[in-house]
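Welcome to a short tour of a protein chain. Keep the picture in view as you read, and look up each residue when it is named.

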Amino acid sequence: MGSLLSHLESSPMILRFVVHVIEFLTKPPTRPLDFTQPARIEQESPEALIERARIELGINSVNDYNFAVVGASGVGKSSFVNGIRLLSDSDPDAAPVGETETTMEIKKFPHPLLKHVVLWDFPGAGTPGRPSNTYFSDMKLYAFDCILILSSDRFLKVDFDVAKSALAYKTRCAFVRTKADLGVKSIAEREGITGLNAGNKLRETVEGSFTEGLNLAGLSSTSNQLPLFLVSNKAFTDLNAYTVMHETTEELDLSLDRLDEDKIYGFIADSVRTRTLRTISLKPPVIRRQPTPMPQPA
């Protein structure tokens with residue numbers, strides 16, 4: 001032992017090394033030593049991503065068919081949600097509407113007649129808090145069964161971006177041109193033509209613009225998967241008023257100012273029927289065309 005100490009004393013470098021070793025072994029570590037292999041980071045599967053989003057948003061994907069209603073701010077999303085539910089904007093159960101953006105968070109509204117249908121009203125896309133380029137992922141739209149993309153004028157790039165992302169997730173979607181009654185009225189007054197001719201002209205204009213947007217977005221080959229509907233909240237209100245008065249839509253006269261309101265009900269019902277994850281018994285509201293009565297002889 002004495003010879004070892006004398007040897008260390010004669011070799012300062014070895015002595016310093018021994019001191020460092022002793023300090024290292026006697027000083028407690030700042031954190032526990034982990035000798036395990038680092039865990040491998042795996043990318044979340046689309047199925048797991050969808051399931052997690054549904055849990056976070058409170059989506060019942062077993063008993064309900066969930067429609068996301070999206071679009072830029074001010075296109076009439078909340079009024080559409082009310083109309084498709086046969087409610088006026090002033091109804092106590094209606095989604096709040098206003099001249100400025102009123103939907104600041106995602107809200108769900110069950111349909112009063114289509115018991116398994118839930119409509120989700122979304123905040124507007126393209127605002128500072130909800131940028132267009134990440135709107136689909138930020139809003140977790142991949143968690144929904146179907147996406148209804150609304151516009152009150154020309155469809156925007158963000159609308160087609162949402163559709164492109166939806167198709168990648170195999171999520172059904174459709175485009176809806178709102179406030180069509182205002183467009184018909186404007187064309188009729190400007191060109192001095194009948195409402196029927198004005199409606200046809202509006203449809204031609206909207207479909208042309210829509211086709212151009214699909215081409216620019218690289219979606220022309222998928223146009224058969226992206227239906228387009230022209231609707232009027234006034235027509236939905238008329239349908240609601242008739243239902244309240246007669247407690248049925250069996251004899252509704254479709255000579256009212258109607259466009260694709262009945263077709264979008266059919267699309268909703270068909271969307272539910274075609275889902276293969278479960279079977280839901282659902283029938284759309286019965287809407288039959290009332291034949292024009294023949295004039296009676298004097």
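Helices here are DSSP runs of H or I with at least four residues, numbered from the N terminus. With that in mind, note that the model is a predicted one.

**The whole chain**

The chain holds ten helices and six strands. Of its 298 residues, 40% are buried. Among contacts with a separation of 6 or more, 68% join residues 24 or more positions apart. The accessible surface of the chain is about 18000 Å², and carbon and sulfur atoms contribute 57% of that surface.

Let us start with α4. How many of the residues of α4 are buried? Eight of the eight are, so α4 is largely enclosed by the rest of the structure. You can find them one by one: K77, S78, S79, F80, V81, N82, G83 and I84.

Now pick out S79, which belongs to α4, residues 77-84. Is S79 buried or exposed? S79 has a relative accessible area of 13%. Buried means under 20%, so S79 counts as buried. Its side chain makes a polar contact of 3.0 Å with the side chain of D89. Setting aside residues up to four places away in sequence, S79 touches D89, V97 and N233.

Helix α4 also packs against helix α10, residues 261-274, with the two axes 12 Å apart and at an angle of about 80°. The two helices are therefore roughly perpendicular to each other. Which residues of α4 and α10 meet? From α4 come F80, G83 and I84, while α10 brings I264, Y265 and I268. Sorted by type, the residues of this contact are five nonpolar, one polar and no charged.

After α4 comes L86, which has a positive phi near 60°. Most residues other than glycine have a negative phi.

Next, look for S151 in strand β4, residues 146-151. S151 is buried, because its relative accessibility is 4%. The side chain of S151 reaches the backbone nitrogen of D153 at 3.2 Å. Which residues does S151 contact, leaving aside its neighbours within four places in sequence? The answer is V75, D159, V176, R177 and T178.

S137 sits in helix α5, residues 135-138.

| Residue | Relative accessible area | Class |
|---|---|---|
| S79 | 13% | buried |
| S151 | 4% | buried |
| S137 | 40% | partly exposed |

**Two lysines in loops**

Back to positive phi values. K140 is found in the loop between α5 and β4. Phi of K140 is positive, near 55°, and this residue is not a glycine. With a relative accessible area of 23%, K140 is partly exposed.

K170 lies in another place: the loop between α6 (157-168) and β5 (172-177). K170 is not a glycine either, and has a positive phi of about 60°. Why does K170 count as exposed? Exposed means over 50%, and K170 has a relative accessibility of 78%, so K170 belongs in that class.

Terms used:
Residues numbered from 1 in each chain as written. Predicted model: local features only at pLDDT ≥ 70, side-chain atom pairs only at ≥ 80, totals over all residues. Heavy atoms only, no water. Buried < 20%, exposed > 50% of the residue type's maximum accessible area, 1.4 Å probe, protein only. Polar contact = N/O pair within 3.5 Å; in protein donor to acceptor, adjacent residues only side chain to side chain. Contact = heavy atoms within 4.5 Å. Axes fitted to C-alpha atoms, helices over the stretch in contact; angles between N-to-C directions. Parallel < 35°, antiparallel > 145°, perpendicular 65-115°, else oblique. Nonpolar A, V, L, I, M, F, W, Y, C, P; charged D, E, K, R; others polar. Areas by Shrake-Rupley, 256 points an atom, 1.4 Å probe, with all protein chains shown as cover.
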